[in-house]
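Dear colleague,

I am passing on the structure below, together with some notes on what was found in it. Please read the notes with the structure open beside you.

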Amino acid sequence: MTSNIVECHQVTKSYGKKKALNELTLSIPSGRITGILGPNGCGKSTFFRTLTGMVRPDSGRIEVAGKAPSWQTNQDIAYLPDRARWYPNHTARMALEWGNSFLPGFSLERALQLADYMDIDLDMRVGGMSRGQEARIMLILCLARDVQMIVLDEPFTGIDVISREAIVASLIDYLEESEQSVLISTHDIQEVEGLFDYSVMMKDGQAIWSGSTDDLRVEYGSLRDVFRKMYMKEWNK
């Protein structure tokens, strides 16, 4: 494993006149739980899609574990998008069995343990699931894989408080002994601040700050306070 799991150098991606990424230059160390933080529309999701090869940048260079994103690097990335896509008649058990059949490095035994811990009814059909239950299934599909990097895009959006607390508790229990690199994007850090040991602040498609979360707290205060100071004026425009 390289010392940095992600390297970006002047990566730009535009959609029409909108620059989702604007010469993004950033290094993310391996084996850390990294928060990719910023308001909606700052480029977090586009950044994640470039990591997985779903989006090709217009210019610049990006590497994941020392390689350009491709189907080969995707074998070693567990990606949770901002919304699941399932057939309504699929059950939770069918979703986990699908993961066991198709996802590299997937452990059905680990997935079933996580489902029990997260209080998932394996016979429940997707069409009857709440947003929080659906998010837990997607999270299990990521955490049950033995891969170098886990990428979670806004895993808490639209989820009730109780479900968020259960998901965060599961992440803390699972990741504290893991050597995997984990990237989590969010614009709501109140419940998850304690997860991150490395942080990246994004704005207008650029990384405006990155470094150890402890260093950030020493210099500026709590991560939540820093977040509010950096972005509150932008939100109030």
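Glu97 is partly exposed, since its relative accessible area is 40%, and a residue counts as partly exposed when that value lies between the 20% under which it would be buried and the 50% over which it would be exposed. Please keep in mind, here and below, that this is a predicted model. Glu97 belongs to helix α3, which covers residues 92-102, and its C-alpha atom is separated by 7.2 Å from that of Leu108, a residue 11 positions away along the chain.

Turning to the protein as a whole, you will find 8 helices and 9 strands. The radius of gyration is 18 Å, close to the 18 Å that the globule rule gives for 237 residues, so the protein is as compact as a globular protein of that length. The C-alpha atoms fill a box of roughly 45 × 35 × 35 Å along the principal axes, and 47% of the 237 residues count as buried. Among contacts with a separation of 6 or more, 71% are between residues 24 or more positions apart. The accessible surface comes to about 11700 Å², and carbon and sulfur atoms account for 47% of that surface.

Lastly, there is the second largest pocket, which has a volume of about 160 Å³. Its lining includes Thr50, Gly53, Arg56, Ile62 and Trp71, and the lining residues divide into 6 nonpolar, 3 polar and 1 charged.

Notes. Residues are numbered from 1 along each chain as its sequence is written. This is a predicted model: local features need pLDDT of at least 70, side-chain atom pairs count only at pLDDT 80 or more; totals for chains, interfaces and linings use all residues. Side-chain values use heavy atoms; hydrogens and water are left out. On a 1 Å grid over the protein atoms alone, a cavity is a set of points where a 1.4 Å probe fits but cannot get out, and a pocket is an open set with protein on both sides within 12 Å along at least five of seven lines; lining residues have an atom within 4 Å of a point. Grid points are joined across faces, edges and corners, and a volume is the space filled by probe spheres set on the points. Ala, Val, Leu, Ile, Met, Phe, Trp, Tyr, Cys and Pro count as nonpolar, Asp, Glu, Lys and Arg as charged, and the others, Gly among them, as polar. Helices (H or I, at least four residues) and strands (E, at least two) are DSSP runs, numbered from the N terminus. The radius of gyration is taken over C-alpha atoms; the globule rule is 2.2 Å times the number of residues to the power 0.38. Buried means under 20% relative accessible area, exposed over 50%, partly exposed in between (1.4 Å probe, protein chains only). Contact means heavy atoms within 4.5 Å. Accessible areas come from the Shrake-Rupley method with a 1.4 Å probe; for residues, only the protein chains shown count as cover.
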